Amino acid sequence: MGKMAAAGGEPSQMVSDELFQNFYTEVKQIEKRDSVLTSKQQIDRLLRPGASYFNLNPFEVLQIDPEATDDELKKRFRALSILVHPDKNQDDPDRAQKAFEAVDKAYKLLLDPEQKKRALDVIHAGKEYVEHMVKEKRKQLKKDGKSLDVEEDDPEMFKQAVYKQTMKLFAELEIKRKEREAKEMHERKRAREEEIEAAEKAKREREWQKNFEETRDGRVDSWRNFQAKGKSKEKKNRSFLKPPKVKMEQRE
């Protein structure tokens, strides 16, 4: 699998299994104790170390079942957004604003049918992967002549495995998206630089041509003057080279 997000870092950084396990266990324990959570608890959940990694799953951000209806989604967003809204948490407005933005982003993503489908596909892929791994484990256990019991037989352990695998898949997609975005940005920059260079070259050529045209008459006149002076000088030189007239002697 791809790189995970470090505490408070981006998804491309590593998230230790211990951090993940502690986060998962603590959140699930809180959820069992209070399915709504208080404003402070929700803000802490959305902003705790590694949140940029876990918040890639919009269903997890909103704490709603992937199969929930649009109406249930709307109600859940309204309830959660009120809990973390900065106006309701004036003792910690900056963190509340970040938490609210995370909730708002997840909700808007799920309002887009195409984005919602992608998120559901990731969740289904995570579940299918775990189911496949469980089958492979049982095949190996059977081959070794051991009991076919695996820890994922426990519904809670199976759910945790799916949760973990799903987060990894979301992280991998985010890494690829950022790499693709960086590549596209680089290509746009290079294309822009080539465009600027071509424009500057064309400008230099136009200026050269303009200067050439403007000075052409002067160059022609200079050449004509040069030729005229050359002919005049040549004519003068020829006059100097005429042999002297010889005076004939008279005979007595």
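Helix 7 is followed by Gly145, whose phi is positive, near 75 degrees. The helices named here (H or I, at least four residues), like strands (E, at least two), are DSSP runs numbered from the N terminus. The model is predicted, so local features need pLDDT of at least 70 and side-chain atom pairs count only at pLDDT 80 or more, while totals for chains, interfaces and linings use all residues. Residues are numbered from 1 along each chain as its sequence is written, and side-chain values use heavy atoms, with hydrogens and water left out.

Taken as a whole, the protein chain has eight helices and zero strands. Read from the N terminus on, its elements run α-α-α-α-α-α-α-α. Of the 252 residues in the protein chain, 29% are buried, where buried means under 20% relative accessible area, exposed over 50% and partly exposed in between (1.4 Å probe, protein chains only).

The expected span of a helix is 1.5 Å times one less than its number of residues. For the 31 residues of helix 7 this gives 45 Å, and the end C-alpha atoms are 45 Å apart, which agrees. At the start of helix 7, a side-chain oxygen of Asp112 comes to within 2.9 Å of the backbone nitrogen of Glu114. Buried residues of helix 7 include Lys116, Ala119, Val122, Ile123, Gly126 and Val130.

Gln63 sits in the loop between helix 4 (58–62) and helix 5 (70–84).

Next come the aromatic rings. Rings of Phe, Tyr and Trp (its six-membered ring) pair if their centres lie within 6.5 Å; planes under 30 degrees apart count as stacked, over 60 as edge-to-face and the rest as tilted. By this rule there are two aromatic pairs. Tyr53 and Phe54 form an edge-to-face pair, at 4.8 Å centre to centre and with 70 degrees between the planes. Both Tyr53 and Phe54 are buried. The rings of Phe77 and Tyr107 have centres 3.9 Å apart and planes at 5 degrees, so this pair is stacked. It links distant parts of the chain, with Phe77 in helix 5 and Tyr107 in helix 6, 30 residues apart. Tyr107 counts as buried because its relative accessibility is 12%, and Phe77 is buried too. The C-alpha atoms of Tyr107 and Val61 are separated by 8.8 Å, although these residues are 46 apart along the chain.

Finally, the largest pocket has a volume of about 870 Å³. On a 1 Å grid over the protein atoms alone, a pocket is an open set of points where a 1.4 Å probe fits, with protein on both sides within 12 Å along at least five of seven lines; lining residues have an atom within 4 Å of a point. Of the 31 lining residues, the closest to the pocket centre are Asn55, Leu56, Lys105, Leu109 and Glu174. Helix 8 gives the most to the lining, with seven residues. Leu173 also belongs to helix 8 and is partly exposed, at 46% relative accessible area. Leu173 and Leu56 are 117 residues apart in sequence, yet 9.5 Å apart in space, C-alpha to C-alpha.

Technical notes: Points joined across faces, edges and corners; volume = space filled by probe spheres on them. Polar contact = N/O pair within 3.5 Å; in protein donor to acceptor, adjacent residues only side chain to side chain.
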